[in-house]
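These are my notes from a first pass through one structure. I wrote down what I looked up, in the order I looked.

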Amino acid sequence: MFDFGIIPPAMFLGMVIFMLYGFPVAFSLAAVGLFFGIIGIATGHFSEAFLQALPLRFFGIVSNDLLLAIPFFTFMGAVLERCGLAEDLLEGTGKLFGGIPGGLAYAVILVGAVLGAITGTVAASVITMGVISLPIMLRYGYSPRLATGVIAASGTITQVIPPSLVLVVLADQLGRSVGDMYLGAIGPSILQVSIFVLFILVMSIIRPKSMPPLPKEVRGDFNWALLAKVLMGMVPSIVLIFLVLGTIFMGLATPTEAGALGVVGAMALAAMNRRLTWPLIREAMTSTTHITSMVVMILIGSTCFSLVFQGMDGSRWIEHMLSGIPGGPVGFLIFVNIFIFVLAFFLDFFEIAFIVIPMLAPVASSLGIDLIWFGVLICVNMQTSFMHPPFGFALFYLRSIAGKEVKTSDIYMGALPWVGMQLILVAIVIFWPQSVTYWLDHGPKVDPNSIKIEVPGFGGQLGLPPVGGGGNGAPQIPGLNLPPLGLPGAPPPPAK
């Protein structure tokens, strides 16, 4: 374990101690990195030339165009959170499915997926659906545990469904395209929604009294007017989804440009609902500034830590420990996901992405693991960080808007089955990588033997024999046998 010195494990332990003590993550990382950097310079284990690269790294962070997608998507979600779109969607779909057992739960799952695709933020989804749906569910006989669980879980789908902020950050840390990361997340997103719907279907058969249908006088008649209302709520959302994701998938816009288009679309939707006001924009800008500043500061702190950690051969220490795990790539993925699941009890997803992923990515690459598959798998796992104690933010959001009749124990116990379903999806993605890679465009397959080079002025095609093939009287070069090239009409080479 200490073949590469004691400093790399000591750095890792020091980082954990600082965080458990309660210091802000960004400053803890920077302090640990600089402290051990000074120790390394004093003991001769670290060159001060490494620290000279810090200013360039800081400049690289603040000048990274990809990270501009974070404030754009955050601002878009903050505007949509306040523009009334979610209320219209929930009201319409709740009445549409309200006549069957579990109808409101189906509506929450569906609207959670749509909100995830247009907002990208968990807080917006959970709080909005909790304020609107939770009182109605409880009023008409839904189990408190089921109601709180489905609302919290449907809000965390936002972590996986593009344009998730987690996918943007993971793409940056793994050095992969955000568009490919979004494409890879399509399959797990569909699977997650399907697993949730299947669970509600089974529970509605086994325990129908825990999720009764809405009374006729509440849901109204099933008619064209109701369908039109649902469509009027869905169509603007679908247009915005295409504006943001479709332009990325079709190659018409970069993620940053698509985020800017999403901001324009979100403000247009708010104006259509007559809620585009200066207080709304000011609140959205304040929220965006807080989140963006937090991300940049954590990234700067993690850069200080990772620079010193790499200079101390920390990456080789990590690779030495993890590459020998039994089971090959699958064993490595199982270990990593258990490790990240435990870390998610104490760390936020941004902290995990900036601290842990740069350590694990080289090992995954050396084992031949597709980094898009790896990144989406980690994103699926980090859903659970919002659903389990002690820092399950989705549960905190629900507690803040739930009435006193809802016990905190019901919120936590209600979340457990949904955490189990999220872990089932983790297992599916590990053992079925095609659920991620199927959606990726691996480029056209070209047969090299079918390539012909057209050279102007040489009388048509210039055919080259296979590399290493024999030539009639051509000079023999070890490993390479090509005939000499000459101009048309030139005398042939002298015979040997």
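Entry 1, R82. I began with R82, which is partly exposed because its relative accessible area is 27%. The model is a predicted one. I found R82 in helix α5, which covers residues 69-82. Setting aside residues up to four places away in sequence, I listed R275, L280 and E283 as what R82 touches. I also looked up R82 against A270: the two are 188 residues apart in sequence, and their C-alpha atoms are 8.1 Å apart in space.

Entry 2, the whole chain. I then stepped back to the overall figures. The protein chain has 23 helices and two strands. How much of the chain is buried? I noted that buried residues make up 48% of its 496 residues. I also looked up the contacts with a separation of 6 or more, and 76% of these are between residues 24 or more positions apart.

I went to helix α15 next, where T288 is found. Is T288 buried or exposed? I put T288 down as buried, because its relative accessible area is 8% and the cut-off for buried is under 20%. Apart from residues up to four places away in sequence, T288 touches P71, T74 and F75.

I noted a volume of about 60 Å³ for the largest cavity. Its lining consists of S302, F305, S306, F309, Q310, F354, I355, P358 and M359. The elements that give two or more residues to this lining are α15 (278-311), α18 (349-355) and α19 (357-366). Of the contributors, α15 gives the most, with five residues. I sorted the lining by class and got six nonpolar residues, three polar ones and no charged ones.

I searched the whole structure for aromatic pairs and found six. I looked at F35 and F36, whose ring centres are 5.5 Å apart; their planes are at 85°, so I wrote the pair down as edge-to-face. F36 is buried, because its relative accessibility is 14%. How are the rings of F305 and F309 arranged? I recorded this pair as stacked, with 5.6 Å from centre to centre and 15° between the planes. Both residues lie in helix α15, four residues apart, which is about one turn of the helix.

Leaving aside neighbours within four places in sequence, F374 is in contact with L174, F332, L333, V336, L360, A361, A364 and I369.

I then read along helix α11, residues 178-206, where S189 has its place. S189 counts as buried because its relative accessibility is 6%. Not counting residues up to four places away in sequence, S189 touches V160, I161 and P162. G179 is found in helix α11 too. I put G179 down as buried, because its relative accessible area is 12%. G179 touches I248 and F249, again leaving out residues up to four places away in sequence. I also looked up G179 against T254: they are 75 residues apart along the chain, and their C-alpha atoms are separated by 8.0 Å.

Is the peptide bond from P162 to P163 cis or trans? I recorded it as cis, with omega near 5°. P163 is found in the loop between α9 (144-156) and α10 (165-174).

Methods:
Residues are numbered from 1 along each chain as its sequence is written. This is a predicted model: local features need pLDDT of at least 70, side-chain atom pairs count only at pLDDT 80 or more; totals for chains, interfaces and linings use all residues. Side-chain values use heavy atoms; hydrogens and water are left out. On a 1 Å grid over the protein atoms alone, a cavity is a set of points where a 1.4 Å probe fits but cannot get out, and a pocket is an open set with protein on both sides within 12 Å along at least five of seven lines; lining residues have an atom within 4 Å of a point. Grid points are joined across faces, edges and corners, and a volume is the space filled by probe spheres set on the points. Ala, Val, Leu, Ile, Met, Phe, Trp, Tyr, Cys and Pro count as nonpolar, Asp, Glu, Lys and Arg as charged, and the others, Gly among them, as polar. Rings of Phe, Tyr and Trp (its six-membered ring) pair if their centres lie within 6.5 Å; planes under 30 degrees apart count as stacked, over 60 as edge-to-face and the rest as tilted. Buried means under 20% relative accessible area, exposed over 50%, partly exposed in between (1.4 Å probe, protein chains only). Contact means heavy atoms within 4.5 Å.
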